[in-house]
Amino acid sequence: MDILKQSQTIKRTLDMKEEKMMIVLSWLLEFRFSTTKILSSLLENNKNTSFFFSGLVNDGFIKQVVNVHTKNERLLMLTKQGVDFLEGRELDISNAMTASGRLERYSMVLHDTGVQKFVSSKKERFLEVVMDKNIIGINDKNRPDALLKLKKNGNWVGLEYERWPLFIKDQNTGKLKASGAYFDPNKVENLRRVFKFEVLACE
């Protein structure tokens with residue numbers, strides 16, 4: 001997916017609204033769901049966006065979903081009408097998801113949200129993003145959480161997001177302790193043969 005950004009030259013209100021819709025709906029097409037906070041961060045003027053998102057819900061382009069793992073935070077996802085809007089603008093909708101039943105109990109929702117937060121916070125550095133479920137030709141075991149195309153040189157990099165620190169077993173006590181280590185792509189078979197990696201951030 002191309003990471004769309006708002007144009008500074010568009011002035012007409014209707015054109016600005018459609019541009020914002022394209023940014024938000026194309027993100028939901030790629031990632032299948034998101035939060036209002038993440039989606040707001042994609043927009044240049046991200047203050048008071050609740051009215052904009054409420055309008056998309058009321059107009060039938062997106063819908064709200066509650067996941068059992070996110071407490072009271074509502075997630076947003078595409079509807080059939082939202083998918084039709086994107087198809088009318090010649091986007092590939094073959095991986096579109098509109099069924100909310102699976103998302104309501106999806107156990108990786110916090111992990112996937114973390115991936116989205118990272119990508120959205122660094123969006124100026126990237127041209128394109130492909131989420132793991134849309135990566136073809138790589139089996140699940142060797143597949144990164146996302147592929148990102150760097151703006152500076154056009155290289156593709158793999159993103160591996162870990163919510164928890166890596167643990168090792170203490171040889172003396174047998175207890176697990178944080179290793180302080182980060183994901184090492186060298187430990188994933190053949191990963192470096194396919195993708196060129198660089199460190200984007202360490203938290």
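Predicted model: local features only at pLDDT ≥ 70, side-chain atom pairs only at ≥ 80, totals over all residues.
Helix H1 gives the second largest pocket the largest share of its lining, 3 residues. Helix H6, by contrast, is a matter of burial: 10 of its 13 residues are buried.

**The second largest pocket**
- The pocket holds about 340 Å³ of space.
- Its lining is made of 13 residues.
- Met 1, Leu 29, Glu 30, Leu 91 and Asp 92 are the lining residues nearest the pocket's centre.
- By type, the lining splits into 6 nonpolar, 4 polar and 3 charged residues.

**Helix H6**
- H6 runs over residues 109–121, which makes 13 residues.
- From first C-alpha to last, H6 reaches 18 Å. That is close to the 18 Å expected at 1.5 Å a residue.
- H6 is largely enclosed by the rest of the structure, because 10 of its 13 residues are buried.
- The buried residues include Val 109, Val 115, Phe 118 and Val 119. His 111, Asp 112 and Gln 116 are also among them.

**Confidence in the model**
- The average pLDDT of the chain is 85. A score of at least 70 is reached by 84% of the residues.
- Helix H4 (residues 80–87) has the highest mean pLDDT among the elements, 97.
- Strand S7 (residues 176–178) has the lowest, 60.

Methods: Residues numbered from 1 in each chain as written. Heavy atoms only, no water. Helix = DSSP H or I, 4+ residues; strand = E, 2+ residues; numbered from the N terminus. Expected span 1.5 Å × (residues − 1). Buried < 20%, exposed > 50% of the residue type's maximum accessible area, 1.4 Å probe, protein only. pLDDT = per-residue confidence, 0-100. 1 Å grid on protein atoms, 1.4 Å probe; cavity = no way out; pocket = protein on both sides within 12 Å on 5 of 7 lines; lining within 4 Å. Points joined across faces, edges and corners; volume = space filled by probe spheres on them. Nonpolar A, V, L, I, M, F, W, Y, C, P; charged D, E, K, R; others polar.
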